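Subject: Structure handover, with notes on cavities, a pocket and helix packing

Dear colleague,

I am passing on the structure below, together with what I found when I went through it. Please read the notes with the model open beside you.

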Amino acid sequence: MNTHTLSLRRNLGIIAHIDAGKTTLTERLLWKTGQIHRVGEVHDGAATTDFSAIERERGITIGAAAVQAHWAPRDLPAHRLTLIDTPGHIDFALEVERSLRVLDGAVAVFSAVDGVQPQSETVWRQARRHGVPLLAFVNKMDRVGASFDRVVQQLAERLHARPLPLGIPVGTEGDFAGWVDLVDRQLLHWDAAGTLQRRPWTDVEAVAWQAARDALVEAVAELDDGVADAWLEGAAVDDAALRAALRRITVRGAGVPVLAGAAFKGKGIESLLDAVVDYLPSPLDRPAVTARQGDLVVDVLPDAQAPLAALLFKVTHPQQGALAFVRVYAGTLRVGDRVASSRVGSRRVGRLVRVQADQLHDIDHAQAGDIVAVMGWKDASSGETLSAVEQPLVLEAIQTQPAVLAWRLEAVQASDLLRISQGLASLAQEDPSFRVETDQDSGETRVWGMGELHLEVMIERLRSEWKVDVRVGQPRVAYLEKPAAEVLGVVGRVVKQSGGQGQFAHVVLDLRPRDDDAVVFVDRVVGGAIPRGFIRAVEQGVRMALESGPQGHPVVGVDVVLLDGQTHAKDSSDQAFHRAGAEAVKSALLQAGTQLLEPVMALEVLAPAATVGDVVGDLQRRHGRVQAIDEQDGRSQVSGLAPLARLAGYSNALRSLSQGRASSTMQLHGYAPAA
């Protein structure tokens with residue numbers, strides 16, 4: 001693959017708040033590009049990218065789905081687009097996180113009625129953290145209450161973006177039918193069937209819309225030196241120069257082109273596809289990816305002739321077998337290759353496929369810039385680096401948030417125990433934010449997740465995919481502990497010197513609370529009182545002891561300072577110092593006492609104005625604190641904080657309070673002292 005071919009690639013995600021229209025938009029993108037010939041609707045359970053039974057039943061996206069398409073704007077050659085449709089619910093934020101980790105750009109979708117919503121802010125921050133260039137698409141322009149200008153204003157005020165509207169909507173609400181293209185100076189019109197007619201501005205229209213185009217050029221000039229020079233000299237900025245400047249601005253993240261449409265009606269799709277090609281980066285436009293090679297940090301460039309560097313970012317288990325999704329950053333991945341794995345040493349590529357939602361198409365190789373999947377790796381894990389055997393690398397891992405809610409799980413029939421265990425292991429392999437543990441005292445199984453919906457979906461999958469019957473017990477919250485005071489000069493001592501191999505270790509340490517939730521181990525041993533190898537063993541013992549404090553929860557917000565110690569020439573060992581460090585910390589925590597911390601959720605409720613009093617009252621009864629109430633078009637958005645332990649069954653309670661007309665989203669805000 002040469003650089004020209006690679007420049008024709010676009011790897012992008014579709015991200016948004018739930019119900020903003022991501023999946024509907026993806027379906028229309030596939031339709032307009034000729035990848036499908038019949039449009040499937042989300043509400044009918046027929047969308048291409050929502051192909052699992054549970055997604056079709058619930059009408060929401062749960063897992064990120066990849067599809068391929070081709071598009072050629074104007075007289076340009078066809079570009080290959082790899083699109084990933086991501087979930088919009090906060091409980092499935094990991095799907096967005098690992099998609100953005102491997103994508104080169106994204107389209108952020110906003111409802112023209114609801115504007116910037118809570119999960120809109122979350123996915124926007126995720127994209128910015130990964131440095132992913134963005135386009136904004138204001139959807140649902142045909143709905144009552146739609147306002148393009150309001151959404152553009154919210155992009156600036158709430159997301160601190162630099163929005164660059166590329167056009168003017170023609171018509172509002174039910175009369176929305178077109179788009180004034182300020183870059184190419186064209187008028188786009190869609191009929192009721194979504195068929196596009198495109199023509200240049202007339203002389204009269206040019207007079208009417210030139211001021212708006214000048215405003216766009218001026219905004220671009222503030223962000224791009226090339227256009228700034230022409231603007232200051234009073235020279236005309238033609239269409240090609242303006243497009244090139246917008247591309248430079250978008251690729252470096254300085255501004256966000258904004259377009260509009262009504263995906264359900266098939267309006268605005270062509271202009272969005274043009275913008276994806278014109279403004280989002282190819283793999284060549286992205287900064288080099290960094291990797292560790294032993295003790296060195298090296299840059300990985302998108303070169304098919306370079307040694308292999310790829311990231312395994314997602315694992316699924318369709319009917320065809322285990323499927324490991326891979327982004328190739330450099331080199332070539334071929335069927336039959338043996339590649340280095342950062343987790344298991346090496347792997348052999350038996351079957352390589354290109355994924356089209358739930359359809360798999362065999363290929364013999366993939367090159368830098370490709371997103372493909374490997375079949376048959378049953379023990380693969382998300383975040384694994386694949387590289388050349390002769391030049392092994394380790395790429396940056398995928399971040400996951402800790403689970404905050406647990407349910408107790410038990411089998412209805414003892415004969416299902418093995419299948420339940422296999423099913424839970426498979427689900428945990430697919431989703432690192434889903435965790436399974438067994439209580440050592442009671443033997444009960446607990447499953448941990450990001451929220452009620454997350455756990456509901458996983459249990460439903462366990463029942464439907466593994467054909468088992470399980471009972472769910474009382475929810476449990478992920479509490480933490482924090483030292484209440486500092487304790488100085490605590491001694492940990494292990495002595496066994498009577499017969500056989502002896503054990504000896506002596507450590508002295510301080511334990512101090514921190515203002516944040518970090519756990520920091522500090523070595524202040526002087527004079528070689530404890531050899532370096534034993535200090536590592538002490539740290540391991542300390543961290544193990546902090547996994548469960550006096551109240552049975554992980555301990556955070558603590559500095560452990562190792563001050564001094566003693567060794568024995570024959571009887572000291574890693575095991576002894578590991579035990580001594582652990583015993584010292586346990587003793588220090590008992591002396592200091594610990595404060596219980598509980599997870600606090602940031603809650604956003606959208607409810608009819610008439611029910612907001614009941615919503616606020618219910619939130620206060622749950623020890624919640626209302627932070628803001630914003631009203632718009634007869635509906636209120638209530639923002640607040642509440643302890644997770646008090647939010648069990650909140651979705652059902654909210655539906656009851658509002659006769660089914662209110663909705664809510666929540667995400668972890670942080671931890672606070674338990675009431």
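The second largest cavity is lined by Ile90, Asp91, Gln401, Val404, Met450, Met601, Met666, Gln667 and Leu668, where a cavity is a set of points on a 1 Å grid over the protein atoms alone at which a 1.4 Å probe fits but cannot get out, and a lining residue has an atom within 4 Å of a point. Please bear in mind that this is a predicted model, in which local features need pLDDT of at least 70 and side-chain atom pairs count only at pLDDT 80 or more, while totals for chains, interfaces and linings use all residues. Residues are numbered from 1 along each chain as its sequence is written, and side-chain values use heavy atoms, with hydrogens and water left out.

To stay with that second largest cavity, about 60 Å³ of space lies in it, a volume being the space filled by probe spheres set on the grid points, which are joined across faces, edges and corners. Strand β38 (residues 663-673) gives the most to its lining, with 3 residues; strands (E, at least two residues) and helices (H or I, at least four) are DSSP runs numbered from the N terminus. By class, the lining of the second largest cavity has 6 nonpolar, 2 polar and 1 charged residues, with Ala, Val, Leu, Ile, Met, Phe, Trp, Tyr, Cys and Pro counted as nonpolar, Asp, Glu, Lys and Arg as charged, and the others, Gly among them, as polar.

The count of cavities of 30 Å³ or more comes to 3, and the largest cavity has a volume of about 150 Å³. Its lining is made up of 15 residues, of which Asp181, Asp184, Ser271, Asp274 and Tyr279 lie nearest the centre. Both β8 (178-181) and α10 (269-279) supply at least two residues of this lining, and the largest share, 5 residues, comes from α10. The lining of the largest cavity divides into 7 nonpolar, 1 polar and 7 charged residues.

Helix α10 also packs against another helix. The axes of α2 (residues 22-32) and α10 come within 10 Å and cross at roughly 85 degrees, where axes are lines fitted to C-alpha atoms, for helices over the stretch in contact, and angles run from 0 to 180 degrees between N-to-C directions. That makes α2 roughly perpendicular to α10, given that angles of 65 to 115 degrees count as roughly perpendicular, those under 35 as roughly parallel, those over 145 as roughly antiparallel and the rest as oblique. The contact (heavy atoms within 4.5 Å) is made by Leu25, Arg28, Leu29 and Lys32 of α2 and by Ile269, Glu270, Leu272 and Leu273 of α10.

The axes of α13 (residues 532-545) and α14 (residues 574-592) come within 7 Å and cross at roughly 40 degrees, which makes α13 oblique to α14. This crossing is right-handed, a term used if the near helix is turned clockwise from the far one by less than a right angle, with left-handed used if anticlockwise. Residues in this contact include Phe534, Ala537 and Val538 of α13 and Phe577, His578 and Gly581 of α14, and by class the contact has 9 nonpolar, 5 polar and 2 charged residues.

In the other pair, the axes of α15 (residues 612-621) and α16 (residues 650-657) come within 10 Å and cross at roughly 150 degrees, and the two helices are therefore roughly antiparallel to each other. Their crossing is right-handed, with the contact made by Asp614, Val615 and Asp618 of α15 and Tyr650, Leu654 and Leu657 of α16.

Finally, the second largest pocket has a volume of about 1,000 Å³, a pocket being an open set of points with protein on both sides within 12 Å along at least five of seven lines. Of the 40 residues that line this pocket, the closest to its centre are Phe51, Ser52, His317, Arg461 and Glu465. Helix α12 gives the most to the lining, with 6 residues, and by class the lining has 18 nonpolar, 10 polar and 12 charged residues.

With best wishes
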